[in-house]
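Visitor: I am new to this structure and would like to learn how to read its features one by one. Could you take me through them slowly?

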Amino acid sequence: MTQEQAENDVCEKTEGWTHEDVGKRIVKRETPNGTYFNELIVNVFCQMCAAEFIGPSREAGGFLGGHECLHAWEFSQVMGRNDGLTE
Ligand SMILES: [Zn+2]
């Protein structure tokens with residue numbers, strides 16, 4: 001029974017994850033950058049623009065970092081305009 005439950009938490013997919021896969025683990029995932037083991041599938045969203053992501057924790061970090069970076073840039077653009085730097 002315990003083994004069965006552990007197997008239920010494993011996701012065989014290496015792409016195309018959905019809400020049903022959140023909380024499961026990807027035992028092994030090969031990418032051009034390296035091979036990932038025992039990664040958790042997470043569901044995250046951007047607080048700035050409400051974009052959502054489901055996938056390996058590594059990619060979720062990239063998603064959040066990417067959005068943070070973009071929105072910081074957007075914010076700096078707006079601040080620039082307020083400082084009279086608009087065209
Ligand atoms: Zn965003």
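The turns below go from the overall layout to the strands and then to the metal site.

Visitor: What pattern does the protein chain follow when it is read along the sequence?

Guide: Please keep in mind that this is a predicted model. The protein chain has two helices and four strands, and along the sequence these elements follow the pattern α-β-β-β-β-α.

Visitor: How do I read the way in which β2 and β3 are joined?

Guide: In a regular strand, as a general idea, the side chains alternate between the two faces of the sheet. Here strand β2 (residues 25-31) and β3 run antiparallel and are joined by six bridges, and together they form a hairpin with two residues between them. To find your place in this pair, look for Arg-25, which stands opposite Leu-40 in β3.

Visitor: And how many bridges join β3 to β4?

Guide: Five bridges join these two strands, which also run antiparallel, and Asn-43 stands opposite Ile-54 in β4. The hairpin of β3 and β4 has six residues between the strands, and in this hairpin Ala-50 takes a positive phi near 70°.

Visitor: Which residues coordinate the zinc ion?

Guide: The zinc ion is coordinated by the SG atoms of Cys-46 and Cys-49, by ND1 of His-67 and by NE2 of His-71, at 1.9 to 2.4 Å. Along the chain, these donors follow the spacing C-x2-C-x17-H-x3-H. Cys-46 lies in the loop between β3 (34-45) and β4 (52-56), whereas His-67 belongs to helix α2 (residues 57-85), so this pair ties together parts that are 21 residues apart in sequence.

Visitor: Why is the arrangement of the four donor atoms called tetrahedral?

Guide: Four donors count as tetrahedral if all angles lie between 85 and 135 degrees. Around the zinc ion the four donor atoms subtend angles of 102 to 115°, and therefore the arrangement is tetrahedral.

Visitor: Is Cys-46 buried or exposed?

Guide: A residue counts as buried when its relative accessible area is under 20%. Cys-46 has 6% relative accessibility and so counts as buried, and His-67, with a relative accessible area of 18%, is buried as well. Over the protein chain, buried residues make up 21% of the 87 residues.

Terms used: Residues are numbered from 1 along each chain as its sequence is written. This is a predicted model: local features need pLDDT of at least 70, side-chain atom pairs count only at pLDDT 80 or more; totals for chains, interfaces and linings use all residues. Side-chain values use heavy atoms; hydrogens and water are left out. Donors are N, O and S atoms within 2.8 Å of the metal (3.2 Å for Na, K and Ca); water is not among the atoms, so sites may look incomplete. Four donors count as tetrahedral if all angles lie between 85 and 135 degrees; four count as square planar and six as octahedral if opposite donors are over 155 degrees apart and all others between 65 and 115; anything else is irregular. Buried means under 20% relative accessible area, exposed over 50%, partly exposed in between (1.4 Å probe, protein chains only). Two strands pair if DSSP finds at least two bridges between them.
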